[in-house]
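Thanks for coming. I have one structure to go through today, and I will keep it short.

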Amino acid sequence: MKQNSMKRQKVHKAILKYGNDILHSPGFIDSGRSVQHGNMSVRQHSIDVAKCSLQISRKLPFQFKEKDLVRGALLHDYFLYDWHNKKVRLRDIREFYKLHGFSHPVTALKNAKKEFELTKREEDIIRKHMWPLTIKPPACREAWVVTLADKYCSLLETFRLRHGDMA
């Protein structure tokens, strides 16, 4: 029990160390008002994906750029709209690609670039976290980990197996 508590504290410290400016930005704070999956907010989902990404990366036998991992995870869904209210009519195949699942990584990246200076790794994480919908797979380990963590967290949220803080 004590070891798990220490691991959670280290994860929490890493998120604060690398993502404090994101966590306190108006856009990120405001994302707490929009629902992501189930009854989870976009803000909490993004924090949980960052936590899960760190937990996964620390169990793998590879080196990771933790700063890029955390920042990319926090910003991966920085699309800044309520996607449940976005109505799209499927008149043709071009409209299909306007659906949230396909389009939000590009929107999140544009929004993140307006407010934060991003590394190429962070951009890759944000742009490709919806793979295979993004067609091009992630190009770095950090993006693969965030993609996996996002799918895992989304599944738990959709089936309401997790409410709130993951770690």
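From the N terminus on, the elements of the protein chain run α-α-α-α-α-α-α-α. That comes to eight helices and zero strands, where helices (H or I, at least four residues) and strands (E, at least two) are DSSP runs numbered from the N terminus.

Before going on, a note on the source: this is a predicted model, in which local features need pLDDT of at least 70, side-chain atom pairs count only at pLDDT 80 or more, and totals for chains, interfaces and linings use all residues. Residues are numbered from 1 along each chain as its sequence is written, and side-chain values use heavy atoms, with hydrogens and water left out.

Now the chain as a whole. Of its 167 residues, 46% count as buried, meaning under 20% relative accessible area with a 1.4 Å probe, protein chains only. Among contacts (heavy atoms within 4.5 Å) with a separation of 6 or more, 64% are between residues 24 or more positions apart.

Which helix is largely enclosed by the rest of the structure? Helix H4, residues 66-75, because eight of its 10 residues are buried. The buried residues of H4 are Asp68, Leu69, Val70, Arg71, Gly72, Ala73, Leu74 and Leu75.

Next, helix packing. Two packed helices are described by the angle between their axes and the distance between the axes. Here the axes are lines fitted to C-alpha atoms over the stretch in contact, and angles run from 0 to 180 degrees between N-to-C directions.

Take H3, residues 42-57, and H8, residues 141-158: they pack at an angle of about 125°, with their axes 8 Å apart. That makes H3 oblique to H8; angles under 35 degrees count as roughly parallel, over 145 as roughly antiparallel, 65 to 115 as roughly perpendicular, and the rest as oblique. On the H3 side the contact includes His45, Asp48, Val49 and Cys52, and on the H8 side Val145, Leu148, Tyr152 and Glu157 are among the residues. By class, the residues of this contact divide into nine nonpolar, four polar and three charged. Ala, Val, Leu, Ile, Met, Phe, Trp, Tyr, Cys and Pro count as nonpolar, Asp, Glu, Lys and Arg as charged, and the others, Gly among them, as polar.

H8 also packs with H7, residues 120-128: these axes come within 8 Å and cross at roughly 35°. Arg121, Asp124, Ile125 and Lys128 of H7 meet Glu142, Ala143, Val146 and Thr147 of H8. This contact has three nonpolar, one polar and four charged residues.

Methods:
Buried < 20%, exposed > 50% of the residue type's maximum accessible area, 1.4 Å probe, protein only.
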